[in-house]
Amino acid sequence: QVESKLASSQSTLTEQIRSTAEAWEQSAKSRFNNQELKVESLQTDLQTCVQQHESRFDAIQMQSKALSESVQELGMLKEQLSEAFQSSIDSFVSQIREELSSRLDLCDVEIKQSAEKLSRLESTAELWHTAST
């Protein structure tokens, strides 16, 4: 009779352990699936952010190129003007060059900042990709 009770207790205990282990396994699988979904969502968000910064970076580069071309065109225009207006034109061109130079400097700063942000986003994306695999 003692052996019967012992066997019954052992069977009950084994079943409880198996049940607890299965519950833990299901909980772990559920948490893992939730984490995978979060990682996928973050990867999508990061990819969108990277694309937006790349687009902005390209736009800033095009603006910078257009401003550089404008400076060159102003230089050529200066050469074509008559000497009678040379003094006032020199002043005008100088002011415009200063303004364009200032804008170019701002564009350069924005390009550098965007490049740094893009680099950080790519690093973060690589970390998330590495973490998710």
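Contact here means heavy atoms within 4.5 Å. This is a predicted model, where local features need pLDDT of at least 70, side-chain atom pairs count only at pLDDT 80 or more, and totals for chains, interfaces and linings use all residues. Residues are numbered from 1 along each chain as its sequence is written, and side-chain values use heavy atoms, with hydrogens and water left out.

**Overall form**

The chain has two helices and zero strands. Both kinds of element are DSSP runs, numbered from the N terminus: helices are H or I with at least four residues, strands are E with at least two. Helix α1 covers residues 2-80. Helix α2 covers residues 86-132.

The radius of gyration of the chain is 34 Å, whereas a compact globule of 133 residues would have one near 14 Å. That radius is taken over C-alpha atoms, and the globule rule is 2.2 Å times the number of residues to the power 0.38. Along the principal axes, the C-alpha atoms fill a box of roughly 125 × 15 × 15 Å.

**Surface and charge**

The chain exposes about 10,600 Å², and carbon and sulfur atoms supply 53% of that area. Accessible areas come from the Shrake-Rupley method with a 1.4 Å probe; for residues, only the protein chains shown count as cover. Of the 133 residues, 14% count as buried. Buried means under 20% relative accessible area, exposed means over 50%, and partly exposed lies in between (1.4 Å probe, protein chains only).

The chain carries 13 positive and 22 negative charges, and their mean positions are 8 Å apart. Lys and Arg count as positive, Asp and Glu as negative; His and the chain ends are not counted. Each charge is placed at NZ of Lys, CZ of Arg, CG of Asp or CD of Glu.

Ser-64 sits in helix α1. Its relative accessibility is 13%, so Ser-64 counts as buried. Leaving aside neighbours within four places in sequence, Ser-64 is in contact with Leu-104, Cys-107, Asp-108 and Ile-111.

Ser-114 belongs to helix α2. Ser-114 is buried because its relative accessibility is 4%. With neighbours within four places in sequence left out, Ser-114 is in contact with Phe-57 and Ile-60.

**Cysteines**

Cys-107, a contact of Ser-64, is buried at 10% relative accessible area. Cys-49 has 25% and is therefore partly exposed. How many disulfides are there? The count comes to zero, a disulfide being a pair of cysteine sulfur atoms within 2.5 Å.

**Separations between residues**

Leu-77 lies in helix α1 and is partly exposed, because its relative accessibility is 41%. Phe-92 lies in helix α2; at 46% relative accessible area, Phe-92 is partly exposed too. Lys-65 is in helix α1 and counts as exposed at 55%.

| Pair | Apart in sequence | C-alpha to C-alpha |
|---|---|---|
| Leu-77 and Val-93 | 16 residues | 9.5 Å |
| Lys-65 and Val-109 | 44 residues | 14 Å |
| Phe-92 and Ser-4 | 88 residues | 108 Å |
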